[in-house]
Amino acid sequence: MFNKILIANRGEIACRVIKTARKMGIKTVAVYSDADADALHVEMADEAVHIGPPAAAESYLLADKILEACKQTGAEAIHPGYGFLSERASFVEAVQKAGLAFIGPDPRAIDAMGDKITSKKLAAEAGVSTVPGHMGIIADAEEAAKISAEIGYPVMLKASAGGGGKGMRIAYNDEEAREGFVSAQNEAKSSFADDRVFIEKFVEEPRHIEIQVLGDKHGNVIYLGERECSIQRRHQKVVEEAPSPFLDEKTRKAMGDQAVALSKAVDYCSAGTVEFIVDKHKNFYFLEMNTRLQVEHPVTEYITGVDLVEQMLRVANGEKLSLTQDDVKLTGWAVENRVYAEDPIRGFLPSIGRLTRYMPPAESETVRVDTGVYEGAEISMFYDPMIAKLVTYGKTRDDAIAAQRRALDEFYIRGIAHNIPFLSALMAHPRFQSGDMTTGFIAEEYPDGFSGGVLSGDVRNALIAAATFINAVEQSRATQVEGQISTPVGPQDRKWSIGIDDETIMTTIVPLKDHAEVAFADTLVEIKSNWVPGSPVMTAEIGGREMAIEVDRNNLGWTLTTDGVSKQVRVMSSRAAELLSLMPEKEAPDTSKFLLCPMPGLVVSIAVSEGDEVKAGQALAVVEAMKMENILRAEKDGVVKKVAADAGDSLAVDAVILEFE
């Protein structure tokens, strides 16, 4: 086995590889850019080598610098993680030429499967079911529209070298095909240095289900079940689970057999994934093969007990697989949520900045947190916005979802916007819980965007009771000099005014021996908790239900967050509430005459000039953030008075781009 390996990556996947290497007694080398000098993967590795400026094109994507780092440190092998150089055949060839081992497949498999156009042709030749489409090179936007019309709308325009949702657009007409082609091509060139785009039929009501394969250098290939990845936003996976709630054993075996056949056709050796689109009748079509470790691999590890990173290391070392297909057993259920630095309330726009507080839930046999950050770390505009992957396990799907909901409520992040409230809402959604999902789930269930979780009656009552309890504990502390606070003590028969949304509720709290009772209207709620002032998360049993509630102090009470719902809850005396009702409301400033930058980003282009008339829906500017292009459109008809930004400008959130008359 290798004595020392280098991880040619960053973030959570670099940390993930380091953990398994440690377990196997293998020393590790990290590489880092200027932006990652204080990153967690640098701290965790045995050694670290600086490789350049923040931009990936000047650091993580430079093969020569990676190889030089190996030479400096004596690393014998390179693990590429995912993204960056993980699916670049020329990099693997350079690694092998340098006398090093690549912890992944051979260049031939990467070349064949890493290119979506070539892979579809090979899949068809191998007898794998494929989606109708045009696999040839497309010259320009006009040809893209012509081909799309011939295939029949809707179509999917995809970057040949793409991945992670980048360089992908759906078009329903010629205009969208032209516009989508240009955007997909630009994103592909920026992210992958390859602007080739192909077009295929978009399967409506599709599910995205993928098969995990594992092969060695001796011709053995097996599959380790499937992952359901249908919950996606902008074609990027958000929630993954294993197994799929949709497949039966017959379909699972058919998909697995085809995945193995395709892998053997290209002599695949390592851990890889064959992805399929599955329609409502369980017909499945080859989508692509990812020849590297997937982001969502932990759910497969949970239900199979197989450490995929360990298997990759052993295969790269020339060992035969210790597993046969008959050895693979799927036990229990696992669910993974991707925690991103993005604001779901503002259309999932990227968020950058410092993690002023970062407290993930405690890991256990049923909770796993793969992360590459820590409290005080910075989320940079240069890389993917992923903060962590939260994975939970249960004997049943319901158990895994319940564990995920609880863990999300305990995941405390401050300093930047994040998508945990949205993930909590997804986990609570009846349609998700029933397993009835397609890749259009988010667009169908949140057509106007996400505005917060649904405040059910039980959760509302729990927040009212929690706010009353928290206030009582703080009041109790104010009257005590010393002693641990567990339940409210002292005189608590005073009525409190609790304001939630536009409603005011009068509550009282009665402390008992091991719990308290909160009374309001015709409701009596029992609450038991060891929460103490200053704790950011309150774990409690409220009304017989175990809950975790995030607690943030504000001027008039607390902001309480649970189950995807965040509410500002006022707590004050009756007199204070009466006086507050007399205060005038502050009017929000009028920004309707401005186009503001919705996120920190780089201006790619401005489509209008001063004096131009614009129509509602017209494209005005393109802003790139975290490798994704965002088209900003006019909300209403108007005339451009002033252009305040130019292509190439780096803008902060809410910076003025255009002013209208």
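Colleague: Which ring face does Arg397 lie over?
Modeller: Arg397 lies over the face of Phe432, 4.8 Å from the ring centre. To count as over a ring, NZ of Lys or CZ of Arg must be within 6 Å of the ring centre and within 35 degrees of the ring normal. This is a predicted model, where local features need pLDDT of at least 70 and side-chain atom pairs 80 or more, while totals for chains, interfaces and linings use all residues. Residues are numbered from 1 along each chain as its sequence is written, and side-chain values use heavy atoms, without hydrogens or water.

Colleague: And where does the charged end of Arg553 sit?
Modeller: Over the ring of Trp558, with 4.2 Å to its centre.

Colleague: Now rings on rings. How many aromatic pairs does the structure hold?
Modeller: Eleven aromatic pairs. Rings of Phe, Tyr and Trp (its six-membered ring) pair with centres within 6.5 Å; planes under 30 degrees apart are stacked, over 60 edge-to-face, the rest tilted. Phe276 and Phe284 make an edge-to-face pair, at 5.4 Å centre to centre and with 90 degrees between the planes.

Colleague: Phe276 and Phe284: buried or exposed?
Modeller: Both Phe276 and Phe284 are buried (under 20% relative accessible area with a 1.4 Å probe and protein chains only; exposed is over 50%, partly exposed in between).

Colleague: What about Phe422 and Tyr446, how are their planes set?
Modeller: Their planes stand at 65 degrees with the ring centres 5.5 Å apart, so that pair is edge-to-face. Phe422 belongs to helix H13 (residues 420–428) and Tyr446 to the loop between helix H15 (441–445) and helix H16 (457–478), so the pair ties together parts 24 residues apart in sequence. Helices (H or I, at least four residues) and strands (E, at least two) are DSSP runs numbered from the N terminus.

Colleague: How buried is Phe422?
Modeller: Phe422 has a relative accessible area of 1% and is buried. Tyr446 counts as buried too, at 17% relative accessibility.

Colleague: Which residues do ring pairs link into a cluster?
Modeller: Tyr60, Phe84, Phe382 and Tyr383.

Colleague: Changing topic: why is strand S10 said to be largely enclosed?
Modeller: Nine of the nine residues of S10 (residues 207–215) are buried, so the rest of the structure largely encloses this strand. In a regular strand the side chains alternate between the two faces of the sheet. On one side of S10, Arg207, Ile209, Ile211, Val213 and Gly215 are buried, and on the other His208, Glu210, Gln212 and Leu214 are buried as well.

Colleague: How many bridges join S10 to S13?
Modeller: Nine, and S10 and S13 (residues 270–278) run antiparallel. Strands count as paired if DSSP finds at least two bridges between them. Val213 stands opposite Gly272 in S13. S10 is also joined to S11 (residues 221–233), by six bridges and again antiparallel, with Ile209 opposite Glu228 in S11.

Colleague: In the hairpin of S10 and S11, which residue takes a positive phi?
Modeller: Gly219, whose phi is near 90 degrees; the hairpin has five residues between the strands.

Colleague: One more: how many residues of helix H10 are buried?
Modeller: Eight of the eight in H10 (residues 297–304), so this helix is largely enclosed by the rest of the structure. Those buried residues are His297, Pro298, Val299, Thr300, Glu301, Tyr302, Ile303 and Thr304.

Colleague: And what follows H10?
Modeller: Gly305 follows H10, and its phi is positive, near 75 degrees.
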